[in-house]
Amino acid sequence: MNLHEQQALPGLQALGLATAAEHLESVSQQAAAGNWSYRRFLGHLLEGERTARHHKTVTLNLQFARFPAIKRLAQFDCAQQPSLDPRLVEELATGRYLAEARNVVFLGPPGVGKTHLAIALGVSCAEQGHRVYFTSVTELARRLGKAMAENRLHREMNNYTRPKLLIIDEAGYLKLEPAHASLLFQVIAQRYQTGGSIILTSNKPFDQWAEVFAGDPVMASAVLDRLLHKATVITLKGDSYRMLERKKAGGAPPLARVC
Ligand code: ADP
Ligand code: MG
């Protein structure tokens with residue numbers, strides 16, 4: 001082995017290309033046996049490095065997101081939800097809304113798939129290499145309220161303002177107290193300013209949002225202004241899927257379709 005050949009492995013390691021370093025020997029042998037061009041050899045080695053890095057990024061993104069469960073669009077049975085246009089779901093799955101800093105709001109009664117769709121879009125965002133954070137309104141209010149009391153609001157706020165996508169689940173189930181309503185407003189206002197998308201789910205139509213925001217119609221309209229300035233609003237209808245499943249209990253599980 002000449003000097004340059006000897007330097008290949010420590011060189012890759014020093015540059016932090018761990019997977020390429022790990023595969024150097026086997027890929028070199030493959031290249032020699034197959035009479036590969038230099039470009040092909042290099043391309044092959046780098047492709048392995050890139051794939052491994054992407055895999056690691058996705059794993060970390062999924063951990064960071066704190067999804068309550070992993071749900072996928074492919075598991076969503078569109079036949080059970082005729083109020084949903086499958087083309088719209090396909091469009092959202094491309095992630096274009098993230099580049100356009102568009103928000104997505106799912107409205108509808110309990111059990112119609114709002115959280116499922118929000119998580120599924122979040123998972124696909126994580127798989128596209130972006131940071132996502134999932135929270136319910138109650139959890140957000142609790143954590144930010146605690147952080148404020150402990151004088152570390154700024155740091156805690158970063159969890160909600162920095163990720164490419166923030167998913168806020170279950171707005172409207174509980175009436176927020178004024179301090180918590182104001183914290184939620186701050187999150188939404190900051191994300192609006194910095195152009196970060198929000199996916200929000202709610203069982204309450206917008207005209208009842210004053211109730212959610214501590215009975216304050218001014219704050220509710222300031223939130224809605226920002227949230228809906230650039231947004232896709234999807235209203236889901238129908239019976240609860242949970243009930244449907246229960247009725248079918250004992251029968252075959254419903255067929256999942258790719259929307
Ligand atoms: P919501 O958030 O609207 O209350 P969820 O998304 O939590 O409803 O849905 C309740 C359960 O039913 C979840 O386990 C979800 O995966 C499932 N579910 C709802 N709608 C569908 C659907 N159309 N296809 C497959 N699973 C569904
Ligand atoms: Mg839900």
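**A helix pair and its setting**

Helix 8 and helix 9 cross in a right-handed sense (a crossing is right-handed if the near helix is turned clockwise from the far one by less than a right angle, and left-handed if anticlockwise). Their axes lie 10 Å apart and the packing angle is about 55° (axes are lines fitted to C-alpha atoms, for helices over the stretch in contact, and angles run from 0 to 180 degrees between N-to-C directions). The two helices are therefore oblique to each other (under 35 degrees counts as roughly parallel, over 145 as roughly antiparallel, 65 to 115 as roughly perpendicular, and the rest as oblique). Helix 8 contributes Leu 153, Met 157, Tyr 160 and Thr 161 to the contact, and helix 9 contributes Leu 183, Gln 186, Val 187, Gln 190 and Arg 191 (contact means heavy atoms within 4.5 Å). These residues comprise five nonpolar, three polar and one charged (Ala, Val, Leu, Ile, Met, Phe, Trp, Tyr, Cys and Pro count as nonpolar, Asp, Glu, Lys and Arg as charged, and the others, Gly among them, as polar).

The model is predicted, with local features requiring pLDDT of at least 70 and side-chain atom pairs pLDDT 80 or more, while totals for chains, interfaces and linings use all residues. Residues are numbered from 1 along each chain as its sequence is written, chains are lettered from A and ligands numbered from 1 in the order in which they are written, and side-chain values use heavy atoms, leaving out hydrogens and water.

Within helix 8 (residues 153-161), Glu 156, Met 157, Asn 158, Tyr 160 and Thr 161 are buried (under 20% relative accessible area; exposed is over 50% and partly exposed in between, with a 1.4 Å probe and protein chains only). Their cover includes helix 9 (178-194), together with strand 2 (132-136), helix 7 (137-149) and strand 3 (165-171). Helices (H or I, at least four residues) and strands (E, at least two) are DSSP runs, numbered from the N terminus.

Strand 3 holds Leu 165, which is buried at a relative accessible area of 0%. Beyond its neighbours within four places in sequence, Leu 165 has contacts that include Arg 191, a residue that also belongs to the helix 8 and helix 9 contact. Other partners of Leu 165 include Val 132 and Tyr 133.

Helix 3 (residues 38-65) and helix 6 (residues 114-127) have axes that come within 8 Å and cross at roughly 145°, and helix 3 passes helix 6 in a right-handed crossing. His 54, Val 58, Asn 61 and Leu 62 of helix 3 meet Val 123, Ala 126 and Glu 127 of helix 6. Four of these residues are nonpolar, two polar and one charged.

The chain as a whole has twelve helices and five strands, and 41% of its 259 residues count as buried. Of the contacts between residues at least 6 apart in sequence, 78% join residues at least 24 apart. The C-alpha atoms fill a box of roughly 75 × 55 × 30 Å along the principal axes.
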